[in-house]
Amino acid sequence: MNQLQRNKTSMNTTIDQVVKQYSKVLSIRIDLYFIANSLSQYNIHQLQYYVQKFIKAVNNSKDLKDYVAYFRVFELGKDKGVHCHCLFMYDGQKRQNDFWIGMQLGKLWEKVTEGAGGYYNVNCTESKERVRRFQATDGYQDKLLNICQIPSVAADIYQETQLGLAGSE
């Protein structure tokens, strides 16, 4: 089994665990990047450093730390340079207002990067139909991965998928 297959299997397993434990899941997708005028200053290692710092800040935030699982995918793109797609999963029985949570995550990213970072909140009105709270049903994993558009990880050395359950970092 190659790395891509292992990553997809791990993602599906994690999602399956979350769905079995929670009757509703609130999914928050946020894309993290560096703003254009600082783009050339950052490489994949610096992005990984800042994302790790961001996850620690999320874990220390009273408003954001109660996620039940998260995923992060690092990529190198032509327009955004190195960037990270993040998906945080919250207990949908306890949490609502996905746009607000995404906005708070984005503001935290900007703070962690001291203004050098930007974000796209996929839970905004324009993207709302793609990312929302789901009822647990058969085939949930495929629906979640497709709707949230978690990018698959290619052979590119700059791409890496990391998974985490709450409290793992």
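A residue is called buried when its relative accessible area is under 20%, exposed when that area is over 50%, and partly exposed in between (1.4 Å probe, protein chains only). By this definition Tyr 42, at 17%, is buried. The legends below concern a predicted model, in which local features need pLDDT of at least 70 and side-chain atom pairs count only at pLDDT 80 or more, while totals for chains, interfaces and linings use all residues. Residues are numbered from 1 along each chain as its sequence is written, and side-chain values use heavy atoms, with hydrogens and water left out.

**Figure 1. Overview of the protein and its elements.** The protein contains four helices and six strands, where helices (H or I, at least four residues) and strands (E, at least two) are DSSP runs numbered from the N terminus. Their order from the N terminus is α-β-α-β-β-α-β-β-α-β. Of the 169 residues, 48% are buried. Contact means heavy atoms within 4.5 Å; among contacts between residues at least 6 apart in sequence, 72% join residues at least 24 apart.

**Figure 2. Aromatic rings around Tyr 42 and Tyr 50.** The structure holds 11 aromatic pairs. Rings of Phe, Tyr and Trp (its six-membered ring) pair if their centres lie within 6.5 Å, and planes under 30 degrees apart count as stacked, over 60 as edge-to-face and the rest as tilted. The pair of Tyr 42 and Tyr 50 is edge-to-face because the ring centres are 6.2 Å apart and the planes stand at 75 degrees. Tyr 50 is buried, with 18% relative accessibility. Both tyrosines belong to one aromatic cluster, whose members include Phe 34, Phe 54 and Trp 109.

Figure 3. With centres 6.5 Å apart and planes at 85 degrees, the rings of Tyr 67 and Tyr 90 form an edge-to-face pair. Tyr 67 lies in the loop between H2 and strand S2 (69-77) and Tyr 90 in strand S3 (residues 81-91), so the pair ties together parts that are 23 residues apart in sequence. Tyr 67 is buried at 2% relative accessible area, and Tyr 90 is buried at 0%. Asn 59, in helix H2 (residues 44-59), makes a side-chain polar contact of 2.5 Å with Tyr 67. A polar contact is a pair of N or O atoms within 3.5 Å; within protein, one must be able to donate a hydrogen and the other to accept it, and residues adjacent in sequence count only if both atoms are side-chain atoms. Arg 95 lies over the face of Tyr 90, 5.1 Å from the ring centre; such a charge has NZ of Lys or CZ of Arg within 6 Å of the ring centre and within 35 degrees of the ring normal.

**Figure 4. The largest nonpolar core.** A nonpolar core is a set of buried Ala, Val, Leu, Ile, Met, Phe, Trp, Tyr and Cys residues joined through side-chain atoms within 4.5 Å. The largest one has 28 residues, and Leu 47, Phe 54, Phe 88, Tyr 90 and Leu 105 have the most contacts inside it. H2 gives the most to this core, with seven residues.

Figure 5. Asp 31 lies in strand S1 and is buried, with a relative accessible area of 13%. Its side chain makes polar contacts of 2.9 Å with the side chain of Arg 29 and with that of His 85.
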